[in-house]
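Welcome! Please take a moment to look over the sequence and the 3D view before reading on.

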Amino acid sequence: MDKLIITGGGPIHGGVRIAGAKNSALPILAGTLLASSRVTIKNVPHLHDITTTMGLLGRMGVELVLNEGMVIEVDPTTIQTYSAPYELVKTMRASILVLGPLVARYGEAEVSLPGGCAIGQRPVNLHLEGLQAMGAEINVENGYIRAKAKRLKGTRLVLDLVTVTGTENLMMAAALADGETIIENAAREPEVVDLANFINAMGGKISGAGTDTLVIEGVEKLNGCEYSVMPDRIETGTYLVAAAMTGGSIMVKDTDPTILDAVLLKLEEAGATIETGDDWISLDMKGKRPKAVNIHTAPYPAFPTDMQAQFAALNCVADGVSTIKETVFENRFMHIHEMQRLGADIQLEGNTAIIRGVERLTGAPVMATDLRASASLVIAGLVAEGDTTIERIYHIDRGYDCIEEKFSSLGATIVRVPE
Ligand code: UD1
């Protein structure tokens, strides 16, 4: 398995372009299953999770053409089976997103149960309960979810807790259901809005996306369209934090500053000067050491759990003591143990990490444990003296488009060593 070796150095400076959002491209690709004709998706990020999703759709018989510039043409009408096998679902939990579209459009689906994952249990009970309330017959046996429905029926759903992919799965199912579906306590994440816009571009009738109440008027049929995926707010935030913690400056392009409020506020609190335009964000730390900032993760528009590990890295070298409280996932602190190997001073108490900033970290071999944890180790490596070797970097390739090329262009010393 490949490794990344990062040699800690000075501040990073320069410009970086942000790719399309992974967490938007995945549900949109699953959502193409709803269409009755060819769909073209643009600004798709170049990531392993996208390859996995294309493999999953391809395995069902869907025809996909990948054109230059990561434009994917999908012809869902060639579908032959309605099944997502364990081998694919186990590598990418988001495969569960095909469940809603398959039942809604084809009346049946067989999707492997995702099982636990490194950052917590992550059950899918709300996806299943929602589909059942819409009239689907669901059986879970032999590790598979088997769902059937002649035509789903619109209903009022009140989600027990805010779930992003749960909201997306049910919204996609409701798009082709008979009558109106109301989803209360829906996730408000920008990626949910992007998916709603995509479905509406195909002729869907969804309103309220971005609020906690979605109203979906089911339609008989959705037609193909051309749609461009929104920018990745987590990739954006990761580069901004990297610049801030190295005392550098950065111009992040092809992004959307309006969907990063909570993150930008924390960066300003850490001492960064931030300017924004329509599709760019600049950050200048002017060589200063960041100030420690307290973080409390929660569903959007609060601070995103997907940026927690990166801010933990920043706090490791910041001036002061900080607390990081993780409220979305029960076990999302694996990076903490790896950061301790780099010399960080961190104490874990339940779902809270107490971090005492140190003057410097020192390079060491570390292990990538999940997607965002891996990114936090890369940026910690940028400020660690000497070499930081990160193993198991397949996690990074799942979610970060050309990470070493992008950091190298910002002046960092980072190489991939194939094994
Ligand atoms: C999505 C994102 C992920 C992000 C997370 C939270 C994608 C592909 N992934 O993951 O990057 O970290 O949102 O912003 O978009 N839960 C249940 N029952 C359910 C569903 C969820 O108990 O049926 C719980 C989960 O265990 C978790 C919480 O709800 O504690 C939130 O999870 P959820 O929003 O569903 O995360 P994902 O959609 O899997």
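## About the model

This is a predicted model, in which local features need pLDDT of at least 70, side-chain atom pairs count only at pLDDT 80 or more, and totals for chains, interfaces and linings use all residues. Residues are numbered from 1 along each chain as its sequence is written, and side-chain values use heavy atoms, leaving out hydrogens and water.

## Two helices side by side

Let's start with helix H8 (residues 233–245) and helix H12 (residues 371–383), whose axes come within 9 Å and cross at roughly 20°. Axes here are lines fitted to C-alpha atoms, for helices over the stretch in contact, with angles from 0 to 180 degrees between N-to-C directions. H8 and H12 are therefore roughly parallel to each other (angles under 35 degrees).

On the H8 side, the contact (heavy atoms within 4.5 Å) is made by Ile234, Thr238, Val241, Ala242 and Met245. H12 contributes Arg372, Ala375, Ile379, Ala380, Leu382 and Val383.

## The nonpolar cores

A nonpolar core is a set of buried Ala, Val, Leu, Ile, Met, Phe, Trp, Tyr and Cys residues joined through side-chain atoms within 4.5 Å, where buried means under 20% relative accessible area (1.4 Å probe, protein chains only). In the largest core, of 78 residues, Ile50, Leu99, Leu152, Met171, Phe198 and Ile199 touch the most other members. Helix H6 (residues 164–175) supplies the largest share of this core, 6 residues. A second, separate core has 67 residues, including Leu4 and Ile390.

## A buried threonine

Thr352 lies in strand E21 (residues 352–356). Thr352 counts as buried because its relative accessibility is 18%.

Methods
Helices (H or I, at least four residues) and strands (E, at least two) are DSSP runs, numbered from the N terminus. Angles under 35 degrees count as roughly parallel, over 145 as roughly antiparallel, 65 to 115 as roughly perpendicular and the rest as oblique. Buried means under 20% relative accessible area, exposed over 50%, partly exposed in between (1.4 Å probe, protein chains only).
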